[in-house]
Amino acid sequence: MLIFTMSAQEAPASRAMSLTVSRAVARAVTPGFDGMTHAAQAGAVEKMHHAVRKGAHLLEYAMLGALLTLALRGAGRRRAALTAVLLSAGWAAFDEMRQLTVPGRAGLMSDVWIDIAGAALGALAARLLLAVRRALRARR
């Protein structure tokens, strides 16, 4: 639902939300941000904006990949992770195509690749979490 809702936002709403996050990130990582001129602050925020938008893609698909891997773990560890990544890739492609119908938004193949990378990282994180859990149970 999160992915569907975020990608359904029209361009001005999406940009406003990501600029709010970009401003918070710029403030946190830019020394002297609060003492900068408005123009310098705007420049720092704009530099963060692209990274924040692409980072959001990576993060939301990492969550999807991890959750799907956990949900599918009864199918076997490798199969669960692979299926999770493939399902996430299919959703990413569908979602980018759907964005072509949202005013001011674009469907980008580069975003699909970022989404797939996020899903793979999430699936890997879920597998590592499950392996740690198994190891802890085995030590008992």
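Predicted model: local features only at pLDDT ≥ 70, side-chain atom pairs only at ≥ 80, totals over all residues.
Visitor: How many aromatic pairs does a search of the whole structure find?

Guide: The search covers the whole structure. The number of aromatic pairs found is two.

Visitor: Is the pair of Phe4 and Trp91 stacked, edge-to-face or tilted?

Guide: A pair of aromatic rings is described by the distance of the centres and the angle of the planes. The centres of the Phe4 and Trp91 rings are 6.4 Å apart. Planes under 30 degrees apart count as stacked and those over 60 as edge-to-face. The planes here stand at 45 degrees, so the pair is tilted.

Visitor: Which helices does this pair of Phe4 and Trp91 link?

Guide: The two residues are 87 residues apart, and their pair links distant parts of the chain. Phe4 lies in residues 2-8 and Trp91 in residues 77-99, which are helix α1 and helix α4.

Visitor: What is the angle between the ring planes of Trp91 and Phe94?

Guide: Trp91 and Phe94 are both in helix α4, three residues apart, about one turn of the helix. Their ring centres are 5.0 Å apart. The pair counts as tilted because its planes stand at 50 degrees.

Visitor: Is Phe94 buried, partly exposed or exposed?

Guide: Buried means under 20% relative accessible area, and exposed means over 50%. The relative accessible area of Phe94 is 37%, so Phe94 is partly exposed.

Visitor: Which residue lies over the face of Phe4?

Guide: Phe4 forms one aromatic cluster with Trp91 and Phe94. At 3.9 Å from the centre of the Phe4 ring, over its face, lies Arg98.

Visitor: Which helix gives the largest share of the lining of the largest pocket?

Guide: The largest pocket holds about 560 Å³ of space. Its lining has 26 residues, and those closest to the centre are Ser14, Arg53, Ala56, His57 and Arg105. Helices α1, α2, α3 and α4 each supply at least two residues of this lining. The largest share, eight residues, comes from α3.

Visitor: How many charged residues are in the lining of the second largest pocket?

Guide: The second largest pocket has a volume of about 160 Å³. Among the residues that line it are Phe4, Glu60 and Trp91. By class, eight lining residues are nonpolar and none is polar. The number of charged residues is one.

Definitions and conventions: Residues numbered from 1 in each chain as written. Heavy atoms only, no water. Phe/Tyr/Trp six-rings, centres within 6.5 Å; stacked < 30°, edge-to-face > 60°. Helix = DSSP H or I, 4+ residues; strand = E, 2+ residues; numbered from the N terminus. Buried < 20%, exposed > 50% of the residue type's maximum accessible area, 1.4 Å probe, protein only. Lys NZ or Arg CZ within 6 Å of the ring centre and 35° of its normal. 1 Å grid on protein atoms, 1.4 Å probe; cavity = no way out; pocket = protein on both sides within 12 Å on 5 of 7 lines; lining within 4 Å. Points joined across faces, edges and corners; volume = space filled by probe spheres on them. Nonpolar A, V, L, I, M, F, W, Y, C, P; charged D, E, K, R; others polar.
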